[in-house]
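Trainee: I have a model to read and would like to work through it with you.

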Amino acid sequence: MRIAPSILSADFANLQRELDAIKNADWAHVDVMDNHFVPNLTLGLPVVESLLKVAPMPLDAHLMIDDPDRWAPQYAEAGCKSVTFHVEAAADPKKIARDIRAAGARASMAIKPGTPWEPYEELLPELDMVLVMTVEPGFGGQSFMAEQMPKVRAVRESVKKHGGDIWIQVDGGVSAKTIEQCAEAGADTFVAGSAVYGAASAADAVEDLRRLAAGHAH
């Protein structure tokens with residue numbers, strides 16, 4: 001059970017301190033938004049390169065951007081250990097996944113709530129992780145969409161069928177209230193933003209989430 005706090009909910013003026021506050025997390029999830037693919041603008045490669053110098057854990061870059069075919073490999077080359085592209089924005093998802101792996105990172109594909117899983121199942125051999133969005137991407141602090149749990153189950157069934165060490169990540173509204181149903185559905189990697197950075201102790205929140213998820217492991 002991997003916990004990847006999202007720095008989208010952190011204090012952007014003190015990102016090194018905010019990463020240190022979650023030292024016990026498995027990953028730090030970095031939301032890259034371009035104001036094209038999603039209606040919000042966050043941070044890009046220069047900030048990620050700065051974070052990579054100080055992060056005490058590997059970075060999980062979630063690219064909510066147009067033209068991931070061009071950009072995704074650059075985040076892997078910079079040093080992000082996992083790079084997620086959105087299949088809805090991809091011209092050639094298979095090539096992106098291969099380029100990410102060739103640059104030394106785990107290749108991950110994200111699907112928005114309205115995107116069905118089945119048409120992309122054949123891409124599994126190219127992937128190290130599938131991210132099932134449990135909110136519409138673009139903003140932090142949104143309400144969890146429980147209706148995405150059947151999709152998580154479907155991805156888990158596909159992974160079982162195909163074999164391989166493929167992680168299943170959920171992102172959006174994940175909290176102490178919702179993480180158990182995500183784990184029960186088959187997720188093993190959890191992005192949590194406000195649930196971690198809105199807590200009195202971010203590190204304690206990470207431990208709580210990990211314990212709750214482990215208790216309901218698929």
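**Helix and strand packing**

The crossing of α2 and α3 is right-handed.

Mentor: Two ground rules come before the questions. The model is predicted, so local features need pLDDT of at least 70 and side-chain atom pairs pLDDT 80 or more, while totals for chains, interfaces and linings use all residues. Residues are numbered from 1 along each chain as its sequence is written, and side-chain values use heavy atoms, with hydrogens and water left out.

Trainee: Are α2 and α3 roughly parallel or roughly antiparallel?
Mentor: Helices here are DSSP runs of H or I, at least four residues, and strands are runs of E, at least two, numbered from the N terminus. The axes of α2 (residues 45–54) and α3 (residues 68–78) come within 10 Å and cross at roughly 20 degrees. Angles under 35 degrees count as roughly parallel, over 145 as roughly antiparallel, 65 to 115 as roughly perpendicular and the rest as oblique. That makes the pair roughly parallel.

Trainee: Which residues of α3 meet α2?
Mentor: Contact means heavy atoms within 4.5 Å. From α2 come L45, V48, E49 and L52. Their partners in α3 are Q74, Y75 and A78.

Trainee: At what angle do the axes of α3 and α4 cross?
Mentor: Helix α4 spans residues 93–102. Its axis and that of α3 come within 8 Å. They cross at roughly 15 degrees.

Trainee: Which residues of α4 make the contact with α3?
Mentor: On the α3 side are P68, D69, A72, P73 and A76. On the α4 side are I96, D99 and I100.

Trainee: How many residues of β4 are buried?
Mentor: Buried means under 20% relative accessible area, exposed over 50%, and partly exposed in between, with a 1.4 Å probe and protein chains only. Strand β4 covers residues 82–86 and is mostly covered. S82, T84 and H86 point one way, and V83 and F85 the other way.

Trainee: What is the bridge partner of L63 in β4?
Mentor: Two strands pair if DSSP finds at least two bridges between them. β3 (residues 59–64) and β4 pair in the parallel sense over four bridges. The partner of L63 is F85.

Trainee: What is the relative accessible area of D67?
Mentor: D67 is found in the loop between β3 and α3. Its phi is near 55 degrees, a positive value in a residue other than glycine. D67 is partly exposed, and its relative accessible area is 37%.

How values were computed:
Axes are lines fitted to C-alpha atoms, for helices over the stretch in contact, and angles run from 0 to 180 degrees between N-to-C directions. A crossing is left-handed if the near helix is turned anticlockwise from the far one by less than a right angle, and right-handed if clockwise.
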